[in-house]
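Welcome! Here is a short tour of a protein model, written for someone meeting it for the first time. Please take a look at the structure before reading on.

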Amino acid sequence: MQEQNNDFELIKKFLDGDESAFNRLVLKYQEKIYMLARRMTGNHLDADEVVQEVLMVLYKKLSTFEFKSAFYTWLYRITMTRSLNYIKRRSLKEFLPLSSLKTKVNEKNDPLISVENKEKIMKLEKILQKIPSKQREVFILRNFEQLDYDEISRITGTSVGALKANYFHALNKVKDMMKDYEKP
């Protein structure tokens, strides 16, 4: 709640003409915006373009923020919309490479385990590219952003029931396709 109040104060200061308040908001959320855009678009350059779009929208439209929800909910929604629009505009085929997860594999582990983990990540990456966009979206927000259904509902404007259904279908598809990859 304190964080939300801090965000609201910064927004009000910016709307009153304090440009540095906007800069503080950007510094606070730019990494989250970038990581979401990166997961959605699949690469650094596309994510950077999406982040630039989001920041432009944020600067121009911050006056429309209604203070009814957390600021990051509103910001995530903008980021998701801009990411999806970017993907559609560029007709990108790859949706979610998990290269960011590859860095999380502990290299100090047994080399065989490390190789197996990398292979699984690559398989999961290919599988996620085959899932419909609404299912991918909820899958990303649940698993990578670790948001609950209520928060995802506010971000996407989708009912909790529909989100749960999409997540259920995405999870089952991932499990089924992973089994197919693991067959000799």
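Phe139 belongs to helix 7 (residues 133-143) and Tyr167 to helix 9 (residues 160-182), so their pairing ties together parts that are 28 residues apart in sequence.

A word on the model itself: it is predicted, so local features need pLDDT of at least 70 and side-chain atom pairs count only at pLDDT 80 or more, while totals for chains, interfaces and linings use all residues. Residues are numbered from 1 along each chain as its sequence is written, and side-chain values use heavy atoms, leaving out hydrogens and water.

**The overall picture**

The protein has nine helices and zero strands. Helices (H or I, at least four residues) and strands (E, at least two) are DSSP runs, numbered from the N terminus. Of its 184 residues, 42% count as buried. The protein exposes about 10800 Å², and carbon and sulfur atoms supply 52% of that area; accessible areas come from the Shrake-Rupley method with a 1.4 Å probe, and for residues only the protein chains shown count as cover.

How much of the contacts in the protein with a separation of 6 or more comes from residues 24 or more positions apart? The share is 65%, with contact meaning heavy atoms within 4.5 Å.

**Helix 1 and what follows**

Helix 1 covers residues 2-15 and includes Asp7. At 1.5 Å a residue, its 14 residues should span 20 Å, and the end C-alpha atoms are 20 Å apart, which agrees. The expected span is 1.5 Å times one less than the number of residues.

Which residues of helix 1 are buried? They are Asp7, Phe8, Leu10, Ile11 and Phe14. Seen down the axis of helix 1, these buried residues fall within an arc of 160 degrees, so they line one face of the helix; the arc is that of the directions from the helix axis to the C-beta atoms. An α-helix has 3.6 residues a turn, so residues three or four places apart point the same way.

Asp7 has a relative accessibility of 2% and so counts as buried. Apart from neighbours within four places in sequence, Asp7 is in contact with Leu25, Lys28, Tyr29 and Phe71.

After helix 1 comes Gly17, with a positive phi near 110 degrees. Asp18 sits in the loop between helix 1 and helix 2. Asp18 is partly exposed at 27% relative accessibility, and beyond its neighbours within four places in sequence it is in contact with Lys13 and Arg24.

**Nonpolar cores**

A nonpolar core is a set of buried Ala, Val, Leu, Ile, Met, Phe, Trp, Tyr and Cys residues joined through side-chain atoms within 4.5 Å. The largest one has 26 residues, and Leu58, Leu62 and Phe71 have the most contacts inside it. Two or more residues each come from helix 1, helix 2 (19-41), helix 3 (44-61) and helix 4 (71-90). Helix 2 gives the most to this core, with eight residues.

Leaving aside neighbours within four places in sequence, Leu62 is in contact with several residues, among them Ile11, Phe14, Phe22, Phe71 and Trp74. A second, separate core of 23 residues includes Leu141, Tyr149, Ile155 and Leu163.

**Aromatic pairs**

Rings of Phe, Tyr and Trp (its six-membered ring) pair if their centres lie within 6.5 Å; planes under 30 degrees apart count as stacked, over 60 as edge-to-face and the rest as tilted. By this rule there are 13 aromatic pairs. Two of them are set out here.

| Pair | Centre distance | Plane angle | Type |
|---|---|---|---|
| Tyr72 and Tyr76 | 6.1 Å | 75 degrees | edge-to-face |
| Phe139 and Tyr167 | 6.0 Å | 25 degrees | stacked |

Tyr72 and Tyr76 are four residues apart in helix 4, separated by about one helical turn. Tyr72 is partly exposed, with a relative accessible area of 27%, whereas Tyr76 is buried at 5%.

Ring pairs also link Phe8, Tyr29, Phe65, Phe67, Phe71 and Trp74 into a cluster. Phe67 lies in the loop between helix 3 and helix 4 and is partly exposed, at 28% relative accessible area. Phe67 has a positive phi of about 60 degrees although it is not a glycine. Most residues other than glycine have a negative phi.

Notes:
Buried < 20%, exposed > 50% of the residue type's maximum accessible area, 1.4 Å probe, protein only.
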